[in-house]
Amino acid sequence: MKLMLLSLMAAGAFAQAPDLNSIPSYKKEYDVVGGLRIAGSELKGSVDLLVEGFRKFQPNAKISTNFMTSSEGALGMMYGGASDVAPMGDDAKITDQMPFFNSFGYVPTELSIATGGFEKRGTLFAWAIMVNKDNPIAKLSIDQLDRIFGSERTGGWEVGANAQNNLLFTAKYARGPETNIRTWGQLGLAGEWANKPIETYGYVAPGFAVSFERMVMHWSVKWNPNFREYVEMKEATGDADGRAVASQRMYEALEKDKYGIGWGALMHINGTCVNPDGSKCPGYPGLKLIAVSRSPDGPAIPLTSDNVANRSYPLARDAYIYVNKAPGRPLEPKVSEFLRFILSREGQEIIARNGPYFAIPATYVREQLKKLE
C-alpha cells in the first residue's frame, strides 16, 4: 500500500498541464524580407495558422507552403533544395535521413513544436499498451516493453548529436537472448500465468512501427518472432485478406487472448473513432490499459489526456519540424526567426487553440531553442 501511494504521489507531480504564460513571448531579432519555403505536412492546419501568426510580426516575409507530399516527402524537398522548413507528422526514419546526410554530411536538426494528441485519429495519438482485462499486470517500464516486443540484437542506432551529427550503429544497445521477456512469470505473475508465453500484437506500417522502434527499441527492427502485425483499415487491401490484418482484428484477438499484449490506439479501445468507411469503431471493453514508466524504478504513468499534454506519459508522440543546420554554424536567420516564433508563447498559443496537438511545456521549449544555437 505504501509503495502504491508513493507511486501515485509521484505520478501526481506531473499533473500540471503546460502553462503557456511560462513561455517567453516572441521578440523579433531579425527582419525577414523575402522568401521562406515550407514543404511537408500541414500538421492538421497548424502550419498555415503559424504562418499567419508569424506574418503579423514579420510582414515583409514572403512565405510559400507546399503540403502535396505530406511528411513522406518533407526531407526530400529540403535536400533537393526546394524548401527551408520541413514539418513532419511522423518521426524522420533512418531511410529518410540517410539521403540528407549523403547530401550535406550531417543529419537534419529535429525540433519538437507540439505534443501529439490523445486519442483522435490522425493526431499523432499516444501509444496505448493493452492486455486482456483478466490479466493482473498493471504497469510496465519502457525497458520491459523492449524486452517483450523486441528481440536480442547486436546493437542499435544513434542519430544526431550523440552520433557526431551522423547515423551510426553501436553495440551500446546490444543484448542477448537471455534478456528477452517471453513468459508472464518473468514479469512476476504466478500460478497459471507463470509459464504462459507472452503473445505480442501491434502495427507494421512504417509511420507507426518506426515510432515504437525509436521510443522503445533504440531504433532496432528486430521484433519478438511471435509479433502479430496489423495496419489501420485504410492501409489494408479491400478483400478478405486485407480485412484479416486490419487493426480491428488485433483488438478482437486481444479480447480473446488471455496471454496477449499489444500496443495501439486508445480510440479503438474506447470506441471513440470512426473508420474510413464511415462505420463507428465498436470499442473493446475486454481490454485494459497498462501504466508505463520511463525507467524500471520510476513512477508508472497512466494514459490520460493530462498525462499526454504534460508529457509525463512515456509513449506520447511529437509533431516535428526539421531544418538544415550545419554543425557549429548558425541557422539561417529567416528560418531561426520562424522557429523562435513557433516556440514562443504566441506560437504555442496557436497550437493549443487549433488542436488537436498540445502545446509543449516551457522546459521542453527551452530544449528545442538550444538546438537553434
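1. The lining of the largest pocket in this predicted model divides by class into 19 nonpolar, eight polar and 17 charged residues. The volume of this pocket is about 1300 Å³, and its lining is made of 44 residues, with Glu110, Val159, Arg214, Trp219 and Tyr320 lying nearest the centre. Two or more lining residues come from each of several elements, namely strand 4 (109–115), helix 5 (142–149), strand 7 (156–160), helix 6 (206–217), strand 14 (318–323) and helix 13 (362–370).

2. The second largest pocket has a volume of about 660 Å³, and 27 residues line it, of which Lys44, Asp90, Gly122, Phe208 and Lys234 are placed nearest its centre. By class, the lining of this second largest pocket holds nine nonpolar, eight polar and ten charged residues. Helix 6 provides the largest share of that lining, with three residues; helix 6 is also among the elements that give two or more residues to the lining of the largest pocket.

3. Turning to the chain as a whole, 13 helices and 14 strands are assigned in the protein chain. Its radius of gyration is 21 Å, close to the 21 Å that the globule rule gives for 373 residues, so the chain is as compact as a globular protein of that length. The C-alpha trace spans about 70 × 45 × 40 Å along its principal axes. Buried residues account for 53% of the 373 residues, and, among contacts between residues at least 6 apart in sequence, 73% join residues at least 24 apart.

4. The disulfide count comes to one, and the link in question joins Cys273 to Cys281, with an S to S distance of 1.9 Å. The angle about the S-S bond is -110 degrees, and the link of Cys273 and Cys281 is left-handed. Both of these cysteines, Cys273 and Cys281, are buried.

5. Arg147 belongs to helix 5, one of the elements that contribute two or more residues to the lining of the largest pocket. Leaving aside residues up to four places away in sequence, Arg147 touches Arg175, Thr179, Asn180, Ile181 and Arg182. Arg147 and Ala17 are 130 residues apart along the chain, and their C-alpha atoms are separated by 31 Å.

6. When residues up to four places away in sequence are not counted, Asn307 touches Ile301, Pro302, Ser312 and Tyr313.

7. Lys27 is found in the loop between helix 1 (2–12) and strand 1 (34–39). With a relative accessible area of 63%, Lys27 is exposed, the cut-off for that class being over 50%. Apart from residues up to four places away in sequence, which are not counted, Lys27 touches Glu337 and Arg340. Between Lys27 and Gly286 there are 259 residues of separation in sequence and 52 Å in space, taken from C-alpha to C-alpha.

Technical notes. Residues numbered from 1 in each chain as written. Predicted model: local features only at pLDDT ≥ 70, side-chain atom pairs only at ≥ 80, totals over all residues. Heavy atoms only, no water. Disulfide = S-S within 2.5 Å. Buried < 20%, exposed > 50% of the residue type's maximum accessible area, 1.4 Å probe, protein only. Helix = DSSP H or I, 4+ residues; strand = E, 2+ residues; numbered from the N terminus. Contact = heavy atoms within 4.5 Å. 1 Å grid on protein atoms, 1.4 Å probe; cavity = no way out; pocket = protein on both sides within 12 Å on 5 of 7 lines; lining within 4 Å. Points joined across faces, edges and corners; volume = space filled by probe spheres on them. Nonpolar A, V, L, I, M, F, W, Y, C, P; charged D, E, K, R; others polar. Rg over C-alpha atoms; globule rule 2.2 N^0.38 Å.
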